[in-house]
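I set out to record what I looked up in this structure, entry by entry.

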Amino acid sequence: MASFSEMDVDTIWMDGEFRDWEDAQVHVLTHALHYGSGVFEGVRAYDTDNGPAIFRWEEHLDRLYESCKPYDLEIEYTPEELTEATEELLDRQDLASCYIRPIAYYGYESLGVSPGDCPTDVTIAAWPWGAYLGEDALQNGVEVMVSSWRKHASSQIPTNAKTTGLYVNSMLAGEEARRNGFTEAIVLNKEGNVAEGPGENIFLVRDDEIYTPGLSESILDGITRDTVITLAEERGYTVHDDVSISRGELHTADELFFTGSAAEVTPIRKVDNVEIGSGTRGPVTEELQSAFFDMVEAGDREEWFHYV
């Protein structure tokens with residue numbers, strides 16, 4: 001990913017105002033900076049055949065507001081207002097295909113662990129972003145390792161809220177993998193079963209049937225995960241979306257792949273230096289990946305696209 005200084009972006013929406021990119025700042029004593037008390041979304045817009053469109057925007061907004069609930073964050077803006085702000089943000093920066101980051105967080109007022117009277121601040125940024133794990137990864141797949149760091153349980157912290165502070169866990173797992181020469185990690189839950197990647201859901205293919213960990217396995221209920229399940233079922237595949245997957249099953253899978261708003265559909269070719277299947281993108285993964293990219297290029301499913 002290119003650094004922000006290399007990108008042609010100049011505007012961010014903050015608390016009802018458009019600000020110059022360099023001026024979009026927070027106080028050093030902002031509550032969320034110290035305690036990770038924020039929630040966010042990662043959303044892609046695509047330059048489809050029918051024009052620029054945000055993919056599954058309504059579902060992402062719904063999850064943003066739902067993620068606020070465990071933390072008593074109250075967004076003062078309606079979904080319609082956030083949508084209007086996002087549309088104008090893309091227009092101001094002439095962005096047709098991009099990544100969008102809405103974030104809501106406890107701001108600056110006091111610095112006890114309790115947020116007290118800290119306001120809920122809301123920011124939306126957008127910038128160009130290509131393949132999250134690299135262009136080569138989409139075709140040839142990535143090599144990953146099972147991290148020594150475990151995913152926290154939902155009895156400890158809500159796993160289905162997309163919380164800023166929780167991504168310290170993801171950062172630790174991902175950086176451990178990269179220090180050891182891998183592109184990405186796979187994280188196990190506290191029971192030792194497969195949970196997900198640091199920023200992705202995971203799918204396993206065996207005997208032309210598709211398996212993915214259920215919500216009880218401490219995963220985020222991914223929107224791209226749901227998209228791929230739908231695309232697979234429409235193509236006649238049996239999808240088991242509420243299973244437990246052991247670590248050992250990763251090594252004996254016919255195919256593995258990640259899904260996510262950033263990662264889209266990315267094959268996994270090796271786990272812990274063990275080759276998966278033939279060591280290349282498998283046929284089921286390729287079919288679903290093609291179906292996904294054909295769909296976002298065409299933009300022909302009205303229920304999934306918000307045109308801007």
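Entry 1: I began with E88, which is partly exposed at a relative accessible area of 32%. I note that the model is a predicted one. The side chain of E88 meets that of R92 in a salt bridge, with an N to O distance of 2.9 Å. I looked up R92 as well and found it partly exposed, with a relative accessible area of 45%. Both residues belong to helix α3, where they are four residues apart, about one turn of the helix.

**Entry 2: the helix that carries the pair.** I checked the length of α3 against expectation. Helix α3 covers residues 79–92, and its 14 residues should span 20 Å at 1.5 Å a residue; the end C-alpha atoms are 20 Å apart, which agrees. Next I asked which residues of α3 are buried. They are L82, T83, A85, T86, L89 and L90. Viewed down the helix axis, the buried residues of α3 fall within an arc of 165 degrees, so they line one face of the helix. On the other side of α3, I found E80, E84 and D91 exposed. Just after α3, I noted that D94 has a positive phi of about 55 degrees.

**Entry 3: salt bridges between separate parts.** I counted 19 salt bridges. As background, side chains of opposite charge can pair when their charged atoms come close. I then examined R301 and E234, whose closest N and O atoms are 2.9 Å apart in a salt bridge. R301 lies in the loop between α8 (283–298) and β17 (305–307), and E234 lies in helix α6 (residues 223–234), so this pair ties together parts that are 67 residues apart in sequence.

I looked up R247 and D272 next; their side chains form a salt bridge at 3.1 Å, N to O. R247 is in helix α7 (residues 247–251) and D272 is in the loop between β15 (264–271) and β16 (274–275), so the pair ties together parts 25 residues apart in sequence. R247 is partly exposed at 38% relative accessibility, and D272 is partly exposed at 22%.

**Entry 4: nonpolar cores.** The largest nonpolar core has 25 residues, of which I75, L82, L90 and I100 touch the most other members. The elements giving two or more residues to this core are β4 (43–48), α2 (57–68), α3, β6 (98–106) and β7 (120–127). I listed the contacts of I100, leaving aside neighbours within four places in sequence; among them are V43, W57, T86, L90 and I124. I also recorded a second, separate core of 22 residues, which includes A53, I210, F292 and F305.

**Entry 5: cysteines.** How many disulfides are there? I counted zero. The cysteine sulfur closest to that of C68 belongs to C118 and is 15 Å away, too far for a bond; a disulfide would need the two sulfur atoms within 2.5 Å. I found C68 buried at 2% relative accessibility and C118 buried at 6%.

Terms used. Residues are numbered from 1 along each chain as its sequence is written. This is a predicted model: local features need pLDDT of at least 70, side-chain atom pairs count only at pLDDT 80 or more; totals for chains, interfaces and linings use all residues. Side-chain values use heavy atoms; hydrogens and water are left out. The expected span of a helix is 1.5 Å times one less than its number of residues. Buried means under 20% relative accessible area, exposed over 50%, partly exposed in between (1.4 Å probe, protein chains only). The arc is that of the directions from the helix axis to the C-beta atoms. A salt bridge is a side-chain nitrogen of Lys or Arg within 4 Å of a carboxyl oxygen of Asp or Glu. A nonpolar core is a set of buried Ala, Val, Leu, Ile, Met, Phe, Trp, Tyr and Cys residues joined through side-chain atoms within 4.5 Å. Contact means heavy atoms within 4.5 Å.
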